[in-house]
Amino acid sequence: MLIDSFLAAYMRRAVRRRMSMRWVEKPFCPRPEDARERLLYVHVPFCESLCPYCTFHRVAFEPGLAARYFTTLRREIKIYKDLGFRFNGVYVGGGTPTVLPWQLASLIGFIRDLWPIERVSVEAHPRHLTAGTVAVLKDAGVERLSVGVQTFDDGLLEKLSRHHGPGAGRQARQRLQGVRGEFETVNVDMIYNFPGQTTRQLLEDVRILRELDMDQVTFYPLMQAGRDFRRVFGKPSARREKKLHAEIVGALGDSYKPVTGWCFARRRGTPDEYIVAHDEYAGLGSGAFGYLNGALYANSFDVARYMEAVTRAELPIVAVRKFPEAARLRYDFLMRLFGGCLDLSDLESKYGARCGRELWKELLFLRLVGVISRRGSRYCLTPGGRYGLVILMREFFSGANRLRAFLSGSPSAPAPAPAAAAAGPAHAAGGAAVPRESARPSVEEPGAPASFAIRLASCPPSA
Ligand SMILES: C[S@@+](CC[C@H](N)C(=O)[O-])C[C@H]1O[C@@H](n2cnc3c(N)ncnc32)[C@H](O)[C@@H]1O
Ligand code: SF4
């Protein structure tokens, strides 16, 4: 436990120290520095009901607003096209992108007409996975479907406000049966370490997933979210998290191999979160993060403002952080580590021979605490280091949640400090508010404006 606490503190400190964002003061316009193909992340924030534990940027679904939003997304995509970006992969996250399946399919078609897209991944709610919607998504060429189940246990689903009628767990099972084999990869998102969740309930979830023979399963440890989170769920116990993680790994057995700290796949090589697999990505949609040319940027979390800006042919970027090369190197290092193995020579070909010197402290520390082992230039996760990786990822993503909470604050609210604690963009979706104390930004620079009007970045296609 001591090493675990140490690892968590180390990562928390690194996230707080190294990553922060500023509201943009002059237009920030990302441009492609080379002809490389990148990932296009598109955020669709709408949900039919808002789950109290959720860390992502989500707003109540209104069909008219959502339809206009999809039209706006096309405009924003066109701006990136005019700027000269090239994309070969698309990840549509949320929120719940499948709230309007036809609009989603048509958006994917629009993107495919602009670039030769190889892979499309879409997040979905099990409730939406009717035969009709599955056919629409398949026709649109979706290869990877990621379904948010969280648990099959009806009692727990009720506590999570995800119990949409009796038998919600059984309905999720049936829907998963219906999509099995329909896409190249079907991933199921689960959460563990809910207060009151018993080991028996968790093992039953794993048993059902194995029986359903899903391609990929992702077990997220519960991470704090939302102002009311602690009141509803209390503080997630780190000790229990470790115990339950060991139960999951044991119960999945040899049939599923780890792909990242918390994703397991039946076949080797199945891609996990696309963002982890891509060095850079553009973030489109309200509340999306992008990471381009070593700059992390965020779009407006206010859907109306986002739409107004794009309608004026402006990029709706409201905050940005440009990383020096050493920080870019560390970000790449971390993303590769999240994937289980990293080859220092890959990083050297990108950043030069000094990588080993720059990263020696991190490499030594992670080896000393037994998280990674070395073979030549390759550093790979040890079997005993798997939980260590969960801790690193948890702290990293929690940092992202704090940043989202800060950025999603109402622009007419009392001013926060200009620089907010941030985390990297491993999942480029914006998030919901998190408790005040954890939302507190790590202030690096003085001089907060009295009221922070969001200043939209202007980046006309002709610029
Ligand atoms: C943006 S949701 C997309 C899925 C879809 N909206 C749904 O709920 O079915 C992505 C996933 O993030 C995970 N997630 C959300 N909030 C979380 C939290 N507080 N802790 C851990 N995982 C969380 C859930 O597993 C969720 O399925
Ligand atoms: S878990 Fe999914 S459905 Fe629930 S609020 Fe978050 S994005 Fe929406």
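Colleague: Where in the secondary structure does Leu-39 sit?

Modeller: This is a predicted model, and in it Leu-39 belongs to strand β2, residues 37–44.

Colleague: Is Leu-39 buried or exposed?

Modeller: Burial is read by counting neighbours: a residue is buried if 20 or more other C-beta atoms lie within 10 Å of its own. Leu-39 has 23 other C-beta atoms within 10 Å, so it is buried. Sequence distance is a separate matter: Leu-39 and Arg-119 are 80 residues apart in sequence, yet their C-alpha atoms are 9.6 Å apart in space.

Colleague: What do burial and contacts look like over the protein chain?

Modeller: Of its 463 residues, 48% are buried. Taking contacts between residues at least 6 apart in sequence, 77% join residues at least 24 apart. The secondary structure comes to 16 helices and 19 strands.

Colleague: Which residues touch the most other members of the largest nonpolar core?

Modeller: That core has 125 residues, and the ones touching the most other members are Leu-40, Tyr-41, Val-90 and Leu-145. Helix α15, residues 386–407, gives the most to this core, with 13 residues. The core also draws at least three residues from each of domain 1 (21–277) and domain 2 (325–381).

Colleague: What is Leu-145 in contact with, leaving aside neighbours within four places in sequence?

Modeller: The contacts of Leu-145 are then Val-122, Ala-124, Leu-137, Val-179, Phe-183 and Val-186.

Colleague: How should I read the strands? Take β14: which strands pair with it?

Modeller: For pairing, look at the bridges and the direction. Strand β13 (residues 289–292) runs antiparallel to β14, with 4 bridges joining them. On the β15 side (residues 317–322), β14 pairs in the antiparallel sense over 5 bridges. Ala-298 shows both pairings: it stands opposite Phe-289 and also opposite Ala-319 in β15. Because 4 of the 5 residues of β14 (295–299) are buried, the strand is largely enclosed by the rest of the structure.

Colleague: What is in the turn of the hairpin of β13 and β14?

Modeller: There are 2 residues between the strands, and Asn-293 takes a positive phi near 50°. The hairpin of β17 and β18 also has 2 residues between its strands, with Gly-376 in the turn at a positive phi of about 65°.

Colleague: How many bridges does β18 make with β16 and with β17?

Modeller: Strand β16 (residues 341–343) is joined to β18 (residues 378–381) by 3 bridges, antiparallel. Strand β17 (residues 372–375) pairs with β18 over 4 bridges, again antiparallel.

Colleague: Now the ligands. Which residues come nearest to ligand 1?

Modeller: A shell can be read by its members, its classes and the elements that supply it. Around ligand 1 there are 19 residues, of which His-125, Gly-148, Asp-189, Tyr-220 and Met-223 come nearest. The elements giving two or more residues to this shell are β5 (86–94), β7 (144–150) and β8 (185–192). By class the shell has 10 nonpolar, 7 polar and 2 charged residues.

Colleague: And which residues lie around ligand 2?

Modeller: Among them are Cys-47, Cys-51, Cys-54, Phe-56 and Arg-58, together with His-125 and Gly-148. That shell divides into 5 nonpolar, 5 polar and 1 charged.

Methods: Residues are numbered from 1 along each chain as its sequence is written. Chains are lettered from A and ligands numbered from 1 in the order in which they are written. This is a predicted model: local features need pLDDT of at least 70, side-chain atom pairs count only at pLDDT 80 or more; totals for chains, interfaces and linings use all residues. A residue is near a molecule or strand if its C-beta atom, placed from the backbone, lies within 6 Å of it. Ala, Val, Leu, Ile, Met, Phe, Trp, Tyr, Cys and Pro count as nonpolar, Asp, Glu, Lys and Arg as charged, and the others, Gly among them, as polar. A residue is buried if 20 or more other C-beta atoms lie within 10 Å of its own, exposed if 12 or fewer, and partly exposed in between; C-beta atoms are placed from the backbone. A nonpolar core is a set of buried Ala, Val, Leu, Ile, Met, Phe, Trp, Tyr and Cys residues joined through C-beta atoms within 7 Å. Domain bounds come from an automatic or database domain assignment. Two residues are in contact if their C-beta atoms, placed from the backbone, lie within 7 Å. Two strands pair if DSSP finds at least two bridges between them.
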